[in-house]
Amino acid sequence: MSRSSEANDNLYFLAISKNKVTIYEYNAEFSKSIISDIEEEIKRGEHINSQNDDNIQKGVVNNTNINNITSLKKSSNKFNNDYLINRGINIYREYEGVELATCTHDYKKIIIVRKNDLNVAEIIDIKTNEHVSYIKTKTQIKRIVTSPRDSHIVLHCQYKPDISNKNLYIYKINGKSNKKKKKKKDIKETENPEQNNVSVENFQNEQDEHINNYNNSPKKDEIIYNESLVYEMGLNSYSNSNWPFFKWTESESNCLCLINNQIYIYKDNNFNVVSDKLKLDHIEFFEVSPEQYITESSENNNGNTNKRRIFLATYERGTKGNSSVFKIFNLDNLNKHIYSKKFFNSDEIKLKWNKNGTSLLLQIHTQVDKEKQSYYGSSNLYFIDTVKIKDVNIMTNKGLIYDTICEKLLLTGGFGNLSGDISIWNTINKKEITKTKSSCAVICEFFNDDKHFLTATTHPRLRVDNNIKIFKYNGLIVSKLDFDELYNVIILPFNKIKSKPIDSSINPSSELQKYINKQLGIDSKKVGIYKAPGSTAKTSLNGLGIMTRSLKPKSNMPPGCNFVVEEKTNKKKKKKKNPKNKDKKE
């Protein structure tokens, strides 16, 4: 990264696409001029419409092409978002011929596996673009992950017993280079201090320059491979939901691995000795909480000591009519769980801990709604307090629940099978800022400046129209990247950006909301809506043209409690006996 890049407020992200990994840089200054760009596009569209109207009125078109002009006139009313493509985007790094890629936890290094050598993992320093280490395996590398402090790397490889009965490896890695040093002459020839100063106009032309990074990679005879192997095993049966198979605590004081319905625990990265283990029948998933520090008084040292507490969450799939079970254990005492909850219908489970491990959100999703009330299945969201050991069902919803949060903003949205509606909230004053939309989005993450977020439509969830959209927190789309096939996107928080206050909430009828509607192709004057056959619910349109039900009177109860109350009252209702049927029996 150049010195100028380190001092600015630009945003960086890594995109893994077909045969390629690219690190992009977005110039945040372009966000300031987005409204003027939208206004210019509106004027341009109005000018085209007026020209088409004049041509038709003057009768300058003949019968052969009148149909084409008519169709052009109809489509010209739609706002053109092409001006957003690659807007403010530069290429910072690019690697060709890549089969697999990921980043270290500190986002300072990228780990790639190239198509021409599927048995070798390359660890590259993103800032200097120099190779840090190479690791070679006997079979093709399928998955890669590093420990929280990037002291170890886990490689999951293809299982081929005829070549090797081992396919899961842990290597110790460090920051020192494991390749031979080149002569100073060669370094001067390959280094280019101006390679990062890519202008927006030269976006396509600069791709050739970054491809040279791939061509200048060291030859095989110059490579010294990492031989710091600390653990290996054979794994021919596994569940994708358990990846990464080795899960560390934040301080790397504990490492856990699930093998054949049994969780093995290793202390201080010593994989030669199993410190503890937990066996659970039909276990499918486990997760480790963030480390929780509790201050306790001690009579021995006449002071306060910080005791570290770590929780282990497990999920056991129900079989033969038995319910599924979610449990929480204290890692210091695995003999008895401290919390459990049973579910009879659950196809998918997701966990989200808070930063200090004192509470978590548990989402239970069912793909098929047995009550046949929703095509999208059903979800339950539980808030679990690990200190008081209590839980509450804060949401029962039809469809998928998705949320993401930064320090000041909360984003809630319905993605996956849903339409992609997004609401952005100010967590400080607890008010909604705006509404926007990102159809067919699979990924949604905030940048490290707390003012921008991106959404991505990825392959294979959607095999067409793969893209990345960058939004400002006020709901405006400020840039867009299109891909033939996009597999993943990772935010890279390279530079530390000072947090700045955000604007007040936006009124749905304000000018800014109109610009958002223009980008989304929503007609602000729209009054008619589609009603499903047999629908009796009263509906209305909000500022985004999204259908909403009439609001219920506000309750003084805490948010989420109404779901629990409604559930209980519905259970109490009993079916009334039909008197007519009674008369017939008599």
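Which residues do ring pairs link into a cluster? Select Tyr231, Phe246, Trp248, Tyr266 and Phe271: ring pairs link them into a cluster. Rings of Phe, Tyr and Trp (its six-membered ring) pair if their centres lie within 6.5 Å; planes under 30 degrees apart count as stacked, over 60 as edge-to-face and the rest as tilted.

Before moving on, note that this is a predicted model, where local features need pLDDT of at least 70 and side-chain atom pairs count only at pLDDT 80 or more, while totals for chains, interfaces and linings use all residues. Residues are numbered from 1 along each chain as its sequence is written, and side-chain values use heavy atoms, with hydrogens and water left out.

By the pairing rule, there are 20 aromatic pairs. Go to Tyr24 and Phe483, one of them: this pair is edge-to-face, with 6.4 Å centre to centre and 75° between the planes. Tyr24 sits in strand E2 (residues 20–26) and Phe483 in strand E33 (residues 477–483), so the pair links parts of the chain 459 residues apart; strands are DSSP runs of at least two residues, numbered from the N terminus.Check burial here too: Tyr24 is buried at 7% relative accessibility, and Phe483 is buried at 13%. Buried means under 20% relative accessible area, exposed over 50%, partly exposed in between (1.4 Å probe, protein chains only).

Now back to Tyr231 and Phe271. Their ring centres are 5.9 Å apart with the planes at 45°, so this pair is tilted. Tyr231 is in strand E11 (residues 229–233), while Phe271 is in the loop between strand E14 (262–267) and strand E15 (276–279), 40 residues apart. Both Tyr231 and Phe271 are buried.

Last stop: charges over rings (NZ of Lys or CZ of Arg within 6 Å of the ring centre and within 35 degrees of the ring normal). Select Lys247 and Phe285: the charged end of Lys247 is over the Phe285 ring, 5.0 Å from its centre. Then pick Arg93, which lies over the face of Tyr92 at 4.7 Å from the ring centre.

Conventions: Helices (H or I, at least four residues) and strands (E, at least two) are DSSP runs, numbered from the N terminus.
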